[in-house]
Amino acid sequence: MAVAASALVTGTAVVAGTSVAQASPVSWGPCDRAALDEVPITERHLFSCAKYPVPVDHADPGGGTVDIAMMRRAATEQTGRIGSLFLNPGGPGGAGFDMPVGAVDRFDPAVLKRFDIIGFDPRGIDRSTRMRCFGNAEQAEKVLGRMSSVPVTGEQISSTVDAYGDYGDACAKNAGELQRHMSTADVARDLDLMRAGVGDDQLNFVGFSYGTLLGATYVATFPERSRAIVLDGNVDPALRTTDGVQHDRERAGGFELALDGFLQRCAAEASKCAFGEGDVRAKFDEIRDVLRRGPITMPDGSKIALDQFTDGVSSALYDPERFRQLAGDLQALHLQLHPRAGLIPDLLRVLHLPSGKHRFDGGAEESYVDDSYFAVNCTDKPFPKAPERVPAIAAQWEAELPTFGRTQAFSDLAGCSQWPPTSPDVHRGPWENRAAHPVLLFGNFYDPATRYEFSRRMEKELGNARLVSVDAFGHCILGDSSCADSRAADYLINLRVPRPGEVCQPDEQPF
């Protein structure tokens, strides 16, 4: 829920208009050696780490805490230091603790001079206090191993829907009180305590993907404490928090648009794209439709199934640097279906990986690390509690969105329709930016996961915002466009926003 401006007091987080969690200073100390493996020895003195306690339930600050893992990269010119710049990588479920390590590749050098760069793992995630739905990996595999990313047969559909039900039951049984307090509004309040804990009167923040919802929620909840907010790869906050079904349908459409763009670019650059010969759309559709009937066996004896294919294509669309490999894999599959004398299909490079959203974090004693994905989404995104409707919705979406409609329906919709009860403390609007400064937005024309239309809606819903469009493929853009990076730096440092209607280009093209 939004909080009245009169209730805002620097250094506190206000919930439900009454309860207050007081921010304590962050106690920085050395980072463990493994966290800094990729940092040059000459720069390791810039880094420090901390575990910061926040209330499990911000409405009941005395009811227990969870720890938030934080990493700081100190500004290299302390005399000109502006403050701290908090980062969130998205997800939900993305671990942002070590984002300061890669900040040199993401931001203009001027930003690193003027800001301490702070990464953190949100509540429930990785190095922070984890939300665990299973006691060990074996228990998790018995449930999650029964799920299919793209269930087609009656057996696959029943197994997937039933497994999601068992997943929700396991989380209700094992995840404890934290499972009830995983909303983006909870994370925004954690972020506000961290802001005060590092001594900043106002927040500077860069959020990617789902992190744009976190940034928008923070601005809506704490406008007077918001200085510079950059959102890259935007969600539609109003749609996401009011109609989960329509949001996911439109999200699947974003992947279809990105795929169409990839195939069109491949055809236009046929001399550089291995899949560019002939009718690329028809070739792609044929591969997908064959896989829908069963796996394709490659010359080395390996098999690729529809799950692997769909997950692999969607993953590759996130990163234009993988487009050439994706094109090569598609051509290898097409050649396997249509052999030519003397030609042997190449080994698959990006479509051979195991399917599935769930992954282990190590040995058999560890739980899956991404239980928070459903914990956040099933709290923020309203879905009907009707798992029996999922197969029909999936069929409808597949008819409209043939590559990604079915997989999207059998993700959040199947999972969240059977998720245990959560706290109703979710910010669902208003979204108008009442802070003193505009919010700066970046949106790629061919972003698969957060379609460009979502960025346009974010600009409209915030009102006091400025969208920089980018004629690029891939998910998010900062670090891959000098044009976007310079606009972000000028905004973060000087609070100058780009002129209306500006369009940037990426530094490199996929072909």
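**Ground rules**

I am working with a predicted model, in which local features need pLDDT of at least 70, side-chain atom pairs count only at pLDDT 80 or more, and totals for chains, interfaces and linings use all residues. Residues are numbered from 1 along each chain as its sequence is written, and side-chain values use heavy atoms, with hydrogens and water left out.

**The sheet**

I began with the strands. Helices (H or I, at least four residues) and strands (E, at least two) are DSSP runs, numbered from the N terminus. I call two strands paired if DSSP finds at least two bridges between them.

Which order do the strands take in the sheet? I read β3-β4-β6-β5-β7-β8-β11-β12-β13, nine strands in an open sheet with mixed pairing. β3 (47-55) and β13 (503-504) each have a single partner strand, so one side of each edge strand is left without a neighbour in the sheet.

I then followed some of the pairs. β3 and β4 (residues 65-73) are antiparallel over nine bridges, and V54 has V66 in β4 as its bridge partner. β4 also runs antiparallel to β6 (residues 115-121), with five bridges joining them; here M71 is partnered by G119 of β6. Further along, β7 (residues 203-208) and β8 (residues 226-232) pair in the parallel sense over six bridges. In that pair I found N204 opposite A228 of β8.

**Helices on the sheet and on each other**

For contact I used heavy atoms within 4.5 Å. Axes are lines fitted to C-alpha atoms, for helices over the stretch in contact, and angles run from 0 to 180 degrees between N-to-C directions.

Helix α15 (residues 452-462) lies across β8, β11 and β12, and runs at about 160° to β11.

Next I looked at two helices together. α9 (residues 280-293) and α10 (residues 306-317) pack at about 145°, with axes 8 Å apart. On the α9 side I see F284, I287, R288, L291 and R292; on the α10 side, L306, F309 and V313. I sorted residues by class: Ala, Val, Leu, Ile, Met, Phe, Trp, Tyr, Cys and Pro count as nonpolar, Asp, Glu, Lys and Arg as charged, and the others, Gly among them, as polar. This contact has six nonpolar, no polar and two charged residues.

**Empty space**

Rolling a probe the size of a water molecule over the atoms shows where empty space is left. On a 1 Å grid over the protein atoms alone, a cavity is a set of points where a 1.4 Å probe fits but cannot get out, and a pocket is an open set with protein on both sides within 12 Å along at least five of seven lines; lining residues have an atom within 4 Å of a point. Points are joined across faces, edges and corners, and a volume is the space filled by probe spheres set on them.

How many cavities of 30 Å³ or more does the structure hold? I found one. The largest cavity has about 70 Å³ of space and 13 lining residues, with G93, P122, I125, V187 and Y210 nearest its centre. Its lining splits into eight nonpolar, four polar and one charged.

I also opened the second largest pocket, with about 650 Å³ of space. Its lining has 28 residues, and D319, P320, H475, C476 and D480 lie nearest the centre. α1 (103-106) and β12 are the elements giving two or more residues to this lining; β12 has the largest share, three residues. By class I noted 14 nonpolar, six polar and eight charged residues.

**Rings**

Rings of Phe, Tyr and Trp (its six-membered ring) pair if their centres lie within 6.5 Å; planes under 30 degrees apart are stacked, over 60 edge-to-face and the rest tilted. I get 17 aromatic pairs. The Y167 and W419 rings have centres 5.7 Å apart and planes at 80°, so this pair is edge-to-face. Y167 sits in α4 (residues 154-174) and W419 in the loop between α14 (405-416) and β11, 252 residues apart.

Most residues other than glycine have a negative phi, and most peptide bonds are trans. I noted a cis bond from G91 to P92, with omega near -5°; P92 is in the loop between β5 (83-88) and α1. G429 and P430 are also joined by a cis peptide bond, with omega about 0°, and P430 lies in the loop between α14 and β11. D126 has a positive phi near 50°, in the loop between β6 and α3 (137-144).
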